[in-house]
Amino acid sequence: MSCKKAYITTPIYYVNDIAHIGHAYTTIIADTLARYSRMSGLETFFLTGTDEHGQKIEHSALERGKTPQEYADEISATFKNLWDDFGISYDKFIRTTDEEHKIGVQKAFLKMKERGDIYKDVYKGHYCISCETFFPKSQLVDDEFCPECGRATSLVEEESYFFRLSNYQDKLLDWYNERPDCILPKSKRNEVIRFVEGGLDDLSITRTSFDWGVKLPPELNDPKHVMYVWLDALMNYVTGLGYGTDEKLMDFWPARVHLIGKDILRFHAIYWPAFLMSLDLPMPKHIAAHGWWTRDGAKMSKSKGNVVNPKEVADAYGLDNFRYFMLREVPFGGDGDFSQKALIDRINSDLGNDLGNLLNRLIGMSGKYFEGRVECSAVGDYYQEELDEVNASLEKLEPLLFDMQLHRYLEELWRPLSIANKAIDMYQPWTLMKEGREKEAMALNGLIATILAKVSIMLDPVMPQTAPKIAAALGFEISYESWTRLIKENAPLGAFVIEKIPPLFPRIEEALLAHSEPESKEAQAPKEEKKAPKASQKEESKKEEGVSLIGIDQFFQTSLKVGTVVKAEEVPKSKKLLLLQVDIGEETPRQVVAGIKEWYSAESLVDTQVCVVANLKPAKLMGMKSEGMLLAAKDADGLSLIRPESPKANGTPIG
Ligand code: ME8
């Protein structure tokens, strides 16, 4: 195993808010990267935690009649519990109120001071408590309001220590230029460069007007100052590795990637590298800033009551499905609007149709023709072209992941699935079997199994509960070894008996789902926050449709009859349609064009009974008249015709 290291971090979250899908998004991306790093043999350390100091948190605590520490303990635990609930694979959960962290920050302060980067002066300026940021008057809106959040700033004049940020302007610009991928997406790097080229003021890094923060190092004997919350917070990335206390994890530094939201890019791409330069520590490899999640186009906020609670979404739709959706739906760096409709579409289409169905087809085919046996040894003899195409797609994946193109990663990972689904349609195992080409049919099954195995491995970091189930059905475990064998070395999968597993992605019907809007469950959030994700107007109207009741007379307006298929043939050039003649007790059989070819061969239907909607207006499908519809039920497992339990005379009414 390679002994290379990967250190991955999330922002540490403020404890003045409860976790919402924005926080979950950052954490899930970081978790995905950490899982991939581990699977690919890198020694990995994944840090997350909470940011607990500062005036904003002191205020929030006081408003609730708590001490800041009590309040921080309570909210920090809600974050930790949520990540534990989500199986987030962090190696350490840091709190800025941890003793080791405070000592580490004090040591860093002292080191920067000894180096001449910190001096004492008086700060005059405007401070936004909500953003915990100083702004020069020139940046204020109407000379008073915060340019970031629009809240009123307060004029501050107090003694302060300053960090000589202005000294680092050229060094920072050199770094951005030498390392074009230091800030991702690359477009964000240009924004940062423009900002720094505009000139950097020294940064006030201590406050005297409140108390809730890390004290200055005792050596400075200046007890009225506490550290600026951003200096305190950013330092977590090294104190989490023991900087200043027990430094044995410091060989994980520098970070492979700091995952952040775009709102805090300036702190990470300007202040943090400057602090690191002052401390003689190497630069992080990447700072990756993702976009903003909104709800129905608006920023999520408690006051608007539009905060989407990630636990409720995961409970309602499945944690892995939620993870897949978040990573697939929005290009990294762009903003995304959270909608249940989009989530359901992804589950039904990408996961159910493309992935789940493929596994079901394989289970079905190997069960029907080979008693569940799958052999992969002859795949290359018949399907080398498909295999090459699949492998070419998979080779693109790893670079996409560490370039933060997670949506592209998943898009590319779906290409092999589409190759597999197409191969079944094109080579038709049922035809191969009919023609006695068993070896080819087995090789086709082997191809599908190989593709599913490879996809499950590369999907594991994104869907860590689901991918192992696919692997288990295919008789192997996802690990560094199987990743090396099947992804890096493209070794064959071998032979196994497939395990029949229940459908992984049962179809979610939107109308029904509108009824089962996620309800607030366990208290991971304070009371007033426990709102179910609100259905959009469109979804609300579906809900109406979902509950609308019909009278028995309306039901009997539909004429349902038992019939027997007397003739069945394929519709030329159609992948889906069969042309059936169905005797429903009338003078001549009804012609029905049915979209069931994917699940039934024409000959298997002849002489079987079906249920027919007999009073539908005739329609034309591919130029052929269709005078009825067959009743069928479809889920992720496939489609089944509805038939009478025992034979009934043709034309027998159903009702
Ligand atoms: O800024 N969409 O903490 P924070 C996407 N403590 N991501 C979102 C989001 C949204 N609507 N809302 C929040 C802080 N996030 C500091 C960080 S790090 C040294 C200190 C995510 O609780 C996003 O990653 O306000 C954002 O950067 C982070 O939560 C901010 O969390």
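Gln-428 sits in the loop between H15 and helix H16 (429-434), where helices are DSSP runs of H or I with at least four residues, strands are E runs of at least two, and both are numbered from the N terminus. Although Gln-428 is not a glycine, its phi is positive, about 45 degrees. This is a predicted model, in which local features need pLDDT of at least 70 and side-chain atom pairs count only at pLDDT 80 or more, while totals for chains, interfaces and linings use all residues. Residues are numbered from 1 along each chain as its sequence is written, and side-chain values use heavy atoms, with hydrogens and water left out.

Asp-607 also has a positive phi, near 70 degrees, in a residue other than glycine. The loop that holds Asp-607 runs between helix H23 (602-605) and strand E21 (609-613). Asp-607 counts as exposed at 63% relative accessibility; the classes are buried under 20% relative accessible area, exposed over 50% and partly exposed in between, with a 1.4 Å probe and protein chains only.

I turn to the cis peptide bonds. One runs from Leu-184 to Pro-185, with omega near -10 degrees, and Pro-185 lies in the loop between strand E7 (183-184) and helix H6 (186-197). Another joins Trp-253 and Pro-254, with omega about 5 degrees; Pro-254 belongs to the loop between helix H8 (236-239) and strand E11 (257-261).

Which residues does Arg-266 touch, leaving aside those up to four places away in sequence? They are Phe-135, Glu-148, Phe-195 and Tyr-271, a contact being heavy atoms within 4.5 Å. Arg-266 is found in helix H9 (residues 265-278) and is buried, with a relative accessible area of 18%.

Helix H11 (residues 319-329) is mostly covered, as 10 of its 11 residues are buried. Among them are Phe-322, Arg-323 and Arg-328. The buried residues of H11 pack against several elements, including helix H1 (21-39), helix H12 (340-370) and helix H15 (406-427).

Finally, the chain as a whole. The protein chain has 23 helices and 27 strands, and buried residues make up 55% of its 655 residues. Of the contacts between residues at least 6 apart in sequence, 74% join residues at least 24 apart. Along its principal axes the C-alpha trace spans about 100 × 60 × 40 Å.
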